[in-house]
Protein chains: 2
Amino acid sequence: MIVCVHHSLCAASRALRIQLAEKGLSFDLRAERPWERAPEFLRLNPAGEVPVLLDNAKIIAGGIPALEYVEEVYPEPTLLGSTPEHRAEVRRLVHWFFCKFETEVTRPIVGEKIGKRITGGGAPNSRSISAGRLNIHVHLDYIAWLMERRRWLAGETITLADMAAAAQLSLVDYAGEVPWTRHPEAKGWYARIKSRPSFRPILGDTLSGIYPPKHYVDLDF
Amino acid sequence: MIVCVHHSLCAASRALRIQLAEKGLSFDLRAERPWERAPEFLRLNPAGEVPVLLDNAKIIAGGIPALEYVEEVYPEPTLLGSTPEHRAEVRRLVHWFFCKFETEVTRPIVGEKIGKRITGGGAPNSRSISAGRLNIHVHLDYIAWLMERRRWLAGETITLADMAAAAQLSLVDYAGEVPWTRHPEAKGWYARIKSRPSFRPILGDTLSGIYPPKHYVDLDF
């Protein structure tokens, strides 16, 4: 039995759920509020971070370790790439979206507007939100640049790079903060991944008292 | 021919150099000042980060992608672990030291004391330095906890987890900020990795005008 210990606002958790669904694996979700640092959760991951993947008796802690583990143990279909160079490109982009995009866009926007409400973290910092709103254009332009050259972000097939990027963007979209109309190429790519069955459960997540804009779940947005 | 594009103050670059040396691979070093964002460097890695590994015509951008690539293409001896679970544990700890330790210790201490001098980033923030000095004890205690249970951080053999951790600590040690006397177990582990031939070139790096404490290069510190 596979269990994904996650939080709806965690992009790495979302990417892992999409990966598991793309592999056709069935799994249970267990919601965790990692900032509460419950002792039983810290025993699963002393770093206090989601996601944690439980695969029978095995505990795989952390987003990238879990994605890599799933590729190793459930290799078909591969979402990591078919050669060392392709895998390096996938990993480069996963890192880009998990680290760079998260730091420059998701945390300044979603962390401030939604994260602080959920964790009781105080008033949102409007300067952070403004910075995130500026930064997102660079990333959407980069997606457009890649889309001029490739069918999916890391090459001709869908990979973890697309899942990492879409997971981040889905959070910013929940906050109503993706300027889609100014970025039609990025929008076209996102529409394709959004329409996959693996993505639907992600869009069904709701945070109590905080609602996404109407277009969030629409495939024709 | 293998080239490691690096900066002496980048822990991931240091870990990659140790890994390459442990594999017995010969490689050239090319120093890069990533914050200057030279166009030819951004063509290698649009994220503007070191390390970048050049393996003949292949460009592998980013620390974790490069470490994983080297394990795939030059698998002997393995430094990533022998089973999916072992590799998950190695990756968990690499992530711990590359992300958590770097954010909580290296950046607040080394970034403020040394990084800002090199990049012209202004006066060090003494509150950050104080925070890093508090935080390091948690990490050294965690190393001690692991050392009570294992020979190396992720198990019975040396792995990338040790290299990631030692790379970070070597930077903090360069700044003279590791409280070794209060953490004998962590010191014992660090002494073992420091004495390996793969580690010696790292200790030979110097930053112009900034000198490490005398014990930095001593194997008996």
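In this structure, 22 residues of chain B are in contact with 22 residues of chain A, where contact means heavy atoms within 4.5 Å. This is a predicted model, in which local features need pLDDT of at least 70 and side-chain atom pairs count only at pLDDT 80 or more, while totals for chains, interfaces and linings use all residues. Residues are numbered from 1 along each chain as its sequence is written, chains are lettered from A and ligands numbered from 1 in the order in which they are written, and side-chain values use heavy atoms, with hydrogens and water left out.

- On the chain B side, Pro65(B), Glu72(B) and Arg91(B) supply 23% of the area buried against chain A, more than any other three residues.

**Charged pairs between the chains**

- Side chains of opposite charge can pair when their charged atoms come close.
- The rule finds six salt bridges across the interface of chain B and chain A; a salt bridge here is a side-chain nitrogen of Lys or Arg within 4 Å of a carboxyl oxygen of Asp or Glu.
- One pair is Glu72(B) with Arg91(A), whose closest N and O atoms are 3.1 Å apart.
- Another is Arg91(B) with Glu68(A), at 3.6 Å from N to O.
- Arg91(B) lies in helix 4 (residues 84-119) of chain B and Glu68(A) in helix 3 (residues 63-73) of chain A, so this pair joins two chains; helices (H or I, at least four residues) are DSSP runs, numbered from the N terminus.
- Arg91(B) is buried at 7% relative accessibility, and Glu68(A) is buried at 6%; buried means under 20% relative accessible area, exposed over 50%, and partly exposed in between (1.4 Å probe, protein chains only).

**Salt bridges within chain B**

- Over all chains, the count by this rule comes to 32 salt bridges.
- Lys100(B) and Glu104(B) meet in a salt bridge of 3.1 Å, N to O.
- Both residues of that pair lie in helix 4 of chain B, four residues apart, about one turn of the helix.
- Lys100(B) is buried, with a relative accessible area of 17%, whereas Glu104(B) is partly exposed at 25%.
- Arg149(B) and Glu148(B) also pair, at 3.5 Å from N to O.
- Here Arg149(B) is partly exposed at 45% relative accessibility, and Glu148(B) is exposed at 59%.

**Two residues of helix 5 in chain B**

- His139(B) is found in helix 5 of chain B and is buried, with a relative accessible area of 1%.
- Beyond its neighbours within four places in sequence, His139(B) is in contact with Trp96(B), Lys100(B), Phe101(B), Glu104(B) and Val105(B).
- Tyr142(B) is also found in helix 5 (residues 126-147) and is buried, with a relative accessible area of 11%.
- With neighbours within four places in sequence left aside, the contacts of Tyr142(B) are Pro46(A), Arg92(B), Leu93(B) and Trp96(B).

**Inside chain A**

- Chain A is divided into domain 1 (2-73) and domain 2 (84-217), with bounds that come from an automatic or database domain assignment.
- The contact between them takes 20 residues from domain 1 and 24 residues from domain 2.
- Together these domains of chain A bury about 2000 Å², with 71% of it on carbon and sulfur atoms.
- In domain 1, Leu9(A), Arg14(A) and Ile18(A) lose the most area to domain 2, together 36% of what that side buries.
- Asp205(A) forms a salt bridge with Arg17(A), the closest N and O atoms being 2.8 Å apart.
- Helix 1 of chain A is mostly covered, with 11 of its 12 residues buried; among them are Arg14(A), Arg17(A) and Ile18(A).

Conventions. Buried area = accessible area lost by both parts, 1.4 Å probe.
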